[in-house]
Amino acid sequence: MNRRIFTMSFLASLMGAGVDLSTIPGLAQQSGMGGGSATGGVHKAIYDAEHRPITAGGFVKNGPIIFRNMTQQAGLAHWTHHMGSPQKKFIIEVVGSGVGLIDYDNDGWLDIYMVNGSTYKAMDGKEPAPRAALFHNNRDGTFTDVAEKAGVLNERWGFGVAVGDFDNDGWPDMYVTNFGKNRLYKNNHDGTFTDIGEKAGVALGNWSTGATWGDYNGDGLLDLFVPGYVHYDLKHQPAVGSDEVVSNTCRFRNVSVFCGPRGLLGAHDHLFRNNGDGTFTDVSRSAGVYDAPRYYGLTSLFVDLDGSGKPDLLVADDSTPNYLYRNKGNGTFEDYSYQSGFAVNGDGREIAAMGIAVGDYLNNGRLDIAVTDFSDDYSVLYRNDGSLFFTDVSKQAGIAKPTIPFLGWGIGFIDFDNDGWKDLLMVNGHVYPQVDQHKWGTSYAQRPLLFRNLHHGTFEVMPATEGTGLAEVFTGRGAAFGDLFNSGKIDVIINNLDGPPALLRNVNPDHHHWIKFQLIGGPKCPRDAVGATVFVTAGGVRQRGDVLSGGSFASSSDPRVHFGLGDAAHIDEIEVHWPDGQIESLKPPPVDCIVTVQQGRGMIRRLGPAKPSQDPR
């Protein structure tokens, strides 16, 4: 038997017996210099020609112009994210928050929901609480914050947002995770929302992170999965020598930093079954996704990985093994984390996983997985080999080495140049302010990384051209990806820790064709078609796109399915696999348009690209 397969099977047997693998020496590796996060060890510092850390340098004066930072012009710069204190003495202050793309008023244009954190004084009632923002898309390149009018200010210590139409009324709702009670914002169809989290039974408490919606039991209703991170008490925060810290893991490269997550008590995960009457039932234990070892969950995603038509479940865990749960089709899941290869990286090490992206980067019909990781380790690209078996191909694909100095968060497979092949964008930012005081080749604020797909299983890093979005540094956390201007190009919105957001508008000069689908499910499917898959064949290439809720880091991206078509001026075939198992073939529309497809009725609406309201170049 292959040694790797034997090892995975052995580890899976231990896990199935209830053994917490993170406590086993050798498996629970961390750098020899200590630290509360899993890393690959100390790596050589990398500097650019001007002796800047490569994470905040390496810029080129002449190169491709792919993204422009349009935050100020779009009217987003006045909003600021807040979380804890500038000193970042405790882990709750550094995780940051997500961002959601939601067409809350059903006008065909994506709006933006920015989750905010909080401060200790606000939690004690000594100062006004920081507020979330709901930026309404004005359709002219600008946005207006309507959060107060819409009733979605949150004013709690916020972390994530998952968008989904849980009541199948045709209007998207939002689940916002917090430290403390979570909120379920039900869309009232009039530009406002009502928080029904407690009434619905999904408020929980303590520390929830990146949730996901998906119909795991096939009843046509969206269910909700909520990861737990750390069991936390603001009155007794974990510090060196305190009772809350099991072991002294409050150092990074022999420098004193905040404690955790290792050494802290983790929090359980929760799966809520939709009862269809506005309430939910916690079925975490009976469904087999309770997370008995209390791993440090950060982001989750319902997605069909084996082509069974039933959504499986991914959970990115910080410094503990990742979860991959196989949907058994009977209301329960089987833990396939180690059998699949997703629990650890190709070196057999658990990683400090932050964000999740899925996409068919090889155009072979299978969804691959990419996961961001801590600095001093590499972000991981897992190739889907079929039958729920994944291989870490990060090094062969050219992903591993460039990411080692970076600390990654939000991540997405996006076809930035519409050539028909999915590229990969990562948003970065460190958690320790102390890194700026040392010559480690990394920095607190970091630039994004864009990997261009070279069409044969490898990627190249796109240059960070001065004056463009790829050459700006951010304390990036959550990121969402979508066509904010209905122009046929995928833009990026980033929620930065303790700062304004960043809207990176896609201004790549290509003239490639594209097609985008808005799906409406039938009576046996979720109305927003979460879980549906679309296959498009054009120019001799068959691509796959999926309707998902959640992922990246604690964020929700454009629910519409986007395909770049390269130079193909017409589409040969379109096939929609609906969540209830129906497969529907569609007559191809003209290219370069946004198409609304209703199950059983075919295409009911078609819109061409919007005329540019301003030239972002």
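# Questions on a predicted model

Trainee: Where is the place of Pro-261?

Mentor: The structure shown is a predicted model. The peptide bond from Gly-260 to Pro-261 is cis, with omega near 0°. Pro-261 itself is placed in the loop between strand 14 (255–256) and strand 15 (270–274).

Trainee: What is the order of the open sheet of 4 strands?

Mentor: The pairing in this sheet is antiparallel. From one strand to the next, the twist averages 25°. Read across the open sheet, the order of the strands is 11-12-15-16.

Trainee: Why is one side of strand 11 and of strand 16 left without a neighbour in the sheet?

Mentor: The open sheet has the order 11-12-15-16. Strand 11 (212–214) and strand 16 (280–282) each have a single partner strand, so one side of each lacks a neighbour in the sheet; the reason is their place at the edges.

Trainee: Which residue in strand 12 is the bridge partner of Gly-214?

Mentor: Gly-214 has its place in strand 11. Strand 11 and strand 12 (residues 223–226) run antiparallel and are joined by 3 bridges. In strand 12, the bridge partner of Gly-214 is Asp-223.

Trainee: Does Gly-214 count as buried or exposed?

Mentor: Leaving aside residues up to four places away in sequence, Gly-214 touches Leu-221, Leu-222, Asp-223, Phe-302 and Val-530. The cut-off for a buried residue is under 20% relative accessible area. The relative accessibility of Gly-214 is 2%, so this residue counts as buried.

Trainee: How many residues has the largest nonpolar core?

Mentor: The residues with the most contacts inside this core are Leu-184, Trp-213, Phe-517, Leu-519, Val-534 and Leu-565. Among the elements that give two or more residues to this core are strand 12, strand 33 (513–520) and strand 34 (533–538). A second, separate core of 36 residues includes Val-95, Val-230, Leu-298 and Leu-497. For the largest nonpolar core, the number of residues is 38.

Trainee: Which residues does Phe-517 touch, not counting residues up to four places away in sequence?

Mentor: Phe-517 is one of the residues with the most contacts inside the largest nonpolar core. When residues up to four places away in sequence are not counted, Phe-517 touches Val-534, Val-536, Arg-560, Val-561, Phe-563, Ile-574, Val-595 and Val-597.

Trainee: How many residues apart in sequence are the parts tied together by Tyr-175 and Trp-213?

Mentor: The structure holds 27 aromatic pairs. In the pair of Tyr-175 and Trp-213, the ring centres are 6.4 Å apart and the planes stand at 80°, so the pair is edge-to-face. Tyr-175 and Trp-213 are both buried. Since Tyr-175 lies in strand 8 (residues 173–179) and Trp-213 in strand 11, the separation in sequence of the parts they tie together is 38 residues.

Trainee: Where does Trp-440, the partner of Phe-252, lie?

Mentor: Phe-252 and Trp-440 form an edge-to-face aromatic pair, 5.6 Å centre to centre with 80° between the planes. Both Phe-252 and Trp-440 are buried. The pair ties together parts 188 residues apart in sequence, because Phe-252 lies in strand 13 (residues 251–252) and Trp-440 in the loop between strand 26 (423–428) and strand 27 (449–453).

Trainee: At what distance from the ring centre does Arg-505 lie over the face of Phe-485?

Mentor: Charges over rings can be seen at two places named here. The charged end of Arg-542 sits over the ring of Phe-535, 4.0 Å from its centre. Arg-505 lies over the face of Phe-485, and its distance from the ring centre is 3.8 Å.

Trainee: What is the relative accessible area of Leu-388?

Mentor: Leu-388 has a positive phi of about 60° although it is not a glycine. This residue lies in the loop between strand 23 (380–384) and strand 24 (390–392). Leu-388 is buried, because its relative accessible area is 2%.

Trainee: How does Leu-204 count at 29% relative accessibility: what is its class?

Mentor: Leu-204 is not a glycine, yet it has a positive phi of about 55°. Its place is in the loop between helix 5 (197–200) and strand 11. The relative accessibility is 29%, so Leu-204 counts as partly exposed.

Trainee: Which residue in strand 4 is the bridge partner of Val-99?

Mentor: Strand 3 (residues 99–102) is covered on both faces, with Val-99 and Leu-101 buried on one side and Gly-100 and Ile-102 buried on the other. Strand 3 and strand 4 (residues 111–114) run antiparallel and are joined by 4 bridges. In strand 4, the bridge partner of Val-99 is Met-114.

How values were computed: Residues are numbered from 1 along each chain as its sequence is written. This is a predicted model: local features need pLDDT of at least 70, side-chain atom pairs count only at pLDDT 80 or more; totals for chains, interfaces and linings use all residues. Side-chain values use heavy atoms; hydrogens and water are left out. Two strands pair if DSSP finds at least two bridges between them. Axes are lines fitted to C-alpha atoms, for helices over the stretch in contact, and angles run from 0 to 180 degrees between N-to-C directions. A nonpolar core is a set of buried Ala, Val, Leu, Ile, Met, Phe, Trp, Tyr and Cys residues joined through side-chain atoms within 4.5 Å. Buried means under 20% relative accessible area, exposed over 50%, partly exposed in between (1.4 Å probe, protein chains only). Contact means heavy atoms within 4.5 Å. Rings of Phe, Tyr and Trp (its six-membered ring) pair if their centres lie within 6.5 Å; planes under 30 degrees apart count as stacked, over 60 as edge-to-face and the rest as tilted. A charge sits over a ring if NZ of Lys or CZ of Arg is within 6 Å of the ring centre and within 35 degrees of the ring normal.
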